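Here is a short walk through one protein model. Keep the sequence and the 3D view side by side as you read.

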Amino acid sequence: MVDHRHIQPRSTRSPRLRGKMLVRVTRPKRIRGNQQDHAHILPQTALDLELLSRTAGRYAADPDVRGGQSSEAISGIPDMSDLAARFAQLAGEYYCRKSAATAVVGRWDWYTWPGLDLRPLHFERDLLKAGRRLDARPPVDRDVLRIGFDAKGRTVVIEEYSGFLHGRLYYETFVSHDGDVVEAAHFDTDGPIYLHEYRFVDGLMRSADTVSRGGSGRESYAYTDGRISRVEIEHDGRVPSVLTVEHDDRGLVRVDEVTGGRSEVRYERPPAGFDLEAACRAIEDALLTLIPDAVARLAVDGPAACVALSYDRSDALSFEVHGATEDERAALAAIDAQAAWSPADFEASTDVDLDAGSVRLVRQELALLDADDLDAAAGSEVGRRLLCAVAARLNLFDWSDTLPVADDFVVYPVDLELVDLERNLADCLPPDRLARLRERGLL
């Protein structure tokens with residue numbers, strides 16, 4: 001096989017999905033609570049269910065493993081020093097691990113990012129979903145994983161290919177199965193990244209120990225009636241946390257995380273009748289009051305030329321308000337036309353006091369829409385359109401009682417990288433105002 005280790009890797013996504021592929025301008029279907037089954041976090045096909053079931057380590061034929069027993073105790077956790085010593089040896093084991101893992105591959109399949117993972121709640125806790133199996137490899141400008149399965153249907157090799165690098169291989173993971181112990185060694189071009197060791201009892205994972213370049217960690221798992229109910233998390237340099245999980249006969253209901261006495265909802269099934277589109281409209285209406293209140297707090301020295309709603313492309317509902325004066329925008333425009341629209345370069349900024357409770361569920365559902373297809377990013381598109389609709393209405397607002405503004409004052413949403421700038425301006429300003437901005441050399 002061709003050795004790809006000389007290729008310089010570059011990941012296009014962070015672990016928490018704080019960067020994504022370009023968003024397509026598509027309007028997602030209206031989502032209602034009864035139309036969107038919240039087993040939607042789980043895989044959608046019978047084959048994917050089978051694969052995840054196998055790779056999640058439910059190998060036991062005993063029916064008691066699938067329910068009827070409460071498993072509270074965590075046992076069999078190994079000494080971390082042993083795992084750290086084995087991680088230190090990984091650099092010299094790349095070729096032998098690759099050879100051993102690929103030798104037992106019985107079938108290769110292409111999967112969308114983030115692929116498959118053995119750990120309980122690994123995806124759900126971050127509002128992600130397991131990758132989808134593809135019939136063929138997508139174009140080389142798309143991130144994709146190739147997963148090798150052994151004769152028992154267990155994952156043994158994971159290859160990650162980068163769209164940014166025009167389809168080149170940049171991460172490899174080799175997985176070994178030895179009875180109730182599974183070991184995963186992850187490499188990039190600089191050598192080992194991490195070594196994970198998963199331990200199972202009666203077919204259920206009870207612990208996941210990890211050693212990596214950045215430190216070590218441990219997760220311990222407890223089950224009730226064969227379903228995950230508690231995850232204890234420890235990592236170097238971090239406050240320990242605990243995930244508690246609630247299920248009913250329909251599946252996952254709620255995931256809470258307690259860290260240092262602070263509790264956070266990581267997932268909650270929407271109530272019956274929840275309407276995402278109606279909830280987005282309510283947020284839009286609320287922002288028509290909240291944003292002017294925030295703008296009034298901006299410390300601007302002179303008439304304001306613009307107010308920017310600055311967001312991360314993966315979460316448009318987490319945004320800040322920035323303002324620039326005419327003089328400030330003129331100075332930035334003299335450097336570069338796009339700089340005149342860059343909120344990161346504006347002096348004045350403030351937050352919007354959004355009600356976390358009312359917005360959290362909408363953010364969650366938009367993130368899960370993204371997780372259905374990370375390339376389409378339908379949830380991010382809904383958030384972007386919402387902010388554009390707010391800005392369009394605010395551009396009809398009388399600002400004279402809020403702050404002094406210039407004659408061509410505009411409100412606009414924009415991501416920090418300015419990728420969405422021009423289409424956002426087109427969505428929130430009429431054509432004649434866009435034409436005047438172009439005449440002034442600002443676009």
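Two strands pair if DSSP finds at least two bridges between them. With that in hand, start at a turn. Strands β11 and β12 form a hairpin, with 5 residues between them. G237 sits in this turn and has a positive phi of about 75 degrees. The two strands run antiparallel and are joined by 4 bridges. β11 covers residues 227-235, and β12 covers residues 241-248. To find the pairing in the view, look for V231, which stands opposite L243 in β12.

Before going further, a word on confidence. This is a predicted model. The mean pLDDT of the protein is 83, and 81% of its residues reach 70 or more. Over residues 1-78, the pLDDT is below 50. That stretch has 192 contacts in the model beyond near neighbours in sequence.

Another set of pairings involves β2, residues 107-111. β2 pairs with β4, residues 144-149, in the antiparallel sense over 5 bridges. Within that pairing, D109 has I147 of β4 as its bridge partner. β2 also pairs with β3, residues 133-134. This pairing is antiparallel too, over 2 bridges. Y111 has R133 of β3 as its bridge partner.

Next comes an open sheet. Which strands form it, and in what order? There are 4 strands, in the order β17-β16-β15-β18, and the pairing is mixed. β17 (348-351) and β18 (405-415) stand at the edges. Each has a single partner strand, so one side of each is left without a neighbour in the sheet. On average, neighbouring strands of this sheet are turned by 20 degrees against each other, direction ignored. Look at β15, residues 304-312, beside β18. These two run parallel, joined by 7 bridges. S310 has V414 of β18 as its bridge partner.

Helices lie across this sheet. α4 lies across β15, β16 (315-325) and β17. The helix runs at about 35 degrees to β16. α8, residues 421-428, lies across β15 and β18. Its direction is about 125 degrees to that of β18.

Finally, follow α4 to another helix. Two packed helices are described by the angle between their axes and the distance between the axes. α4 (residues 276-295) and α7 (residues 378-394) pack at an angle of about 45 degrees, with their axes 10 Å apart. That angle makes α4 oblique to α7. The crossing of α4 and α7 is right-handed. Which residues make the contact? From α4 come C280, I283, E284, D285, L287, L288, I291 and P292. From α7 come V382, L386, L387, A389, V390, R393 and L394. By class, the contact has 12 nonpolar, no polar and 3 charged residues.

Conventions
Residues are numbered from 1 along each chain as its sequence is written. This is a predicted model: local features need pLDDT of at least 70, side-chain atom pairs count only at pLDDT 80 or more; totals for chains, interfaces and linings use all residues. Side-chain values use heavy atoms; hydrogens and water are left out. pLDDT is the predictor's confidence in each residue, from 0 to 100. Contact means heavy atoms within 4.5 Å. Axes are lines fitted to C-alpha atoms, for helices over the stretch in contact, and angles run from 0 to 180 degrees between N-to-C directions. Angles under 35 degrees count as roughly parallel, over 145 as roughly antiparallel, 65 to 115 as roughly perpendicular and the rest as oblique. A crossing is left-handed if the near helix is turned anticlockwise from the far one by less than a right angle, and right-handed if clockwise. Ala, Val, Leu, Ile, Met, Phe, Trp, Tyr, Cys and Pro count as nonpolar, Asp, Glu, Lys and Arg as charged, and the others, Gly among them, as polar.
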